[in-house]
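My notes are below, as numbered points to read beside the model.

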Amino acid sequence: YSKVLTEEEFQTVRQYTKTAIMDTVREILSGQIPIRPARYAQEPPLCQYCPYKAVCKFDATRPENRYRIFERFKRREDAIQKMKERIEGGGEHEVDE
C-alpha cells in the first residue's frame with residue numbers, strides 16, 4: 001500500500017524502469033553511445049552543472065549532437081500514461097527536439 005502510487009501505477013513505473021534499463025543496455029552493447037545531454041523543454045540545458053563537460057565536448061551547433069528533451073508533468077496521471085505508452089512501444093523515454 002502506498003499513499004503516493006496505486007498498485008497498478010507502481011507496476012507501471014516498475015515496468016517502465018525495466019524497459020528503460022534494457023533499452024539502454026542494448027544500445028551500449030551495440031556500440032550506440034551518443035552524447036545526448038538532458039534538458040527540460042523551455043529550460044536551460046542541465047549540462048551546465050555537469051562535472052564532465054571537459055570530457056564530453058558536447059556542441060549543440062553540430063548536427064550530430066542533440067539534446068534529450070524531457071517533459072515536466074503537472075499531474076501524476078499524465079506521467080503514468082506516458083510511461084504506459086512507452087512500455088507498449090508507442091513512445092520514447094524522452095521527447096526529441
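1. **Ground rules.** This is a predicted model, in which local features need pLDDT of at least 70, side-chain atom pairs count only at pLDDT 80 or more, and totals for chains, interfaces and linings use all residues. Residues are numbered from 1 along each chain as its sequence is written, and side-chain values use heavy atoms, with hydrogens and water left out.

2. **Overall layout.** The chain has three helices and three strands, and from the N terminus on its elements run α-β-α-β-α-β. Helices (H or I, at least four residues) and strands (E, at least two) are DSSP runs, numbered from the N terminus. Of the 97 residues, 20% count as buried; buried means under 20% relative accessible area, exposed over 50%, and partly exposed in between, with a 1.4 Å probe and protein chains only. Among contacts with a separation of 6 or more, 67% come from residues 24 or more positions apart, where contact means heavy atoms within 4.5 Å.

3. **Helix H1 by itself.** How far apart are the end C-alpha atoms of H1? They are 33 Å apart, which agrees with the 33 Å that its 23 residues should span at 1.5 Å a residue; the expected span is 1.5 Å times one less than the number of residues. After H1 comes Gly-31, whose phi is positive, near 90°.

4. **How H1 meets H3.** Two packed helices are described by the angle between their axes and the distance between the axes. Here H1 (residues 7–29) and H3 (residues 76–87) pack at about 45°, with their axes 9 Å apart. Axes are lines fitted to C-alpha atoms, for helices over the stretch in contact, and angles run from 0 to 180 degrees between N-to-C directions. H1 and H3 are therefore oblique to each other: angles under 35 degrees count as roughly parallel, over 145 as roughly antiparallel, 65 to 115 as roughly perpendicular and the rest as oblique. H1 passes H3 in a left-handed crossing, meaning that the near helix is turned anticlockwise from the far one by less than a right angle (clockwise would be right-handed).

5. **Who makes the contact.** H1 contributes Glu-8, Glu-9, Thr-12, Val-13, Gln-15, Tyr-16, Thr-19 and Asp-23, while H3 brings Arg-76, Ile-80, Met-83, Lys-84, Arg-86 and Ile-87. By class, this contact has five nonpolar, three polar and six charged residues. Ala, Val, Leu, Ile, Met, Phe, Trp, Tyr, Cys and Pro count as nonpolar, Asp, Glu, Lys and Arg as charged, and the others, Gly among them, as polar.

6. **The buried side of H1.** Which residues of H1 are buried? They are Glu-9, Thr-12, Tyr-16, Thr-19, Ala-20 and Asp-23, and what covers them includes H3. An α-helix has 3.6 residues a turn, so residues three or four places apart point the same way. Leaving aside residues up to four places away in sequence, Thr-12 touches Ile-80, Met-83, Lys-84 and Ile-87.

7. Most residues other than glycine have a negative phi, and most peptide bonds are trans. Gln-42 has a positive phi, near 65°; Gln-42 sits in the loop between S1 (38–40) and H2 (53–56) and is exposed, with a relative accessible area of 80%. Lys-57 also deserves a look, with a positive phi of about 60° although it is not a glycine. Lys-57 is in the loop between H2 and S2 (68–70) and counts as exposed at 61% relative accessibility.

8. **Pairs to check across the sequence.** Arg-39, in strand S1, is buried at 15% relative accessibility, and its C-alpha atom is 6.6 Å from that of Tyr-67, 28 residues apart along the chain. Pro-34 lies in the loop between H1 and S1 and is exposed at 55%; the C-alpha atoms of Pro-34 and Asn-65, 31 residues apart along the chain, are separated by 8.0 Å. Asp-59, in the loop between H2 and S2, is partly exposed at 31%, and 9.5 Å separates its C-alpha atom from that of Ile-35, 24 residues apart along the chain.
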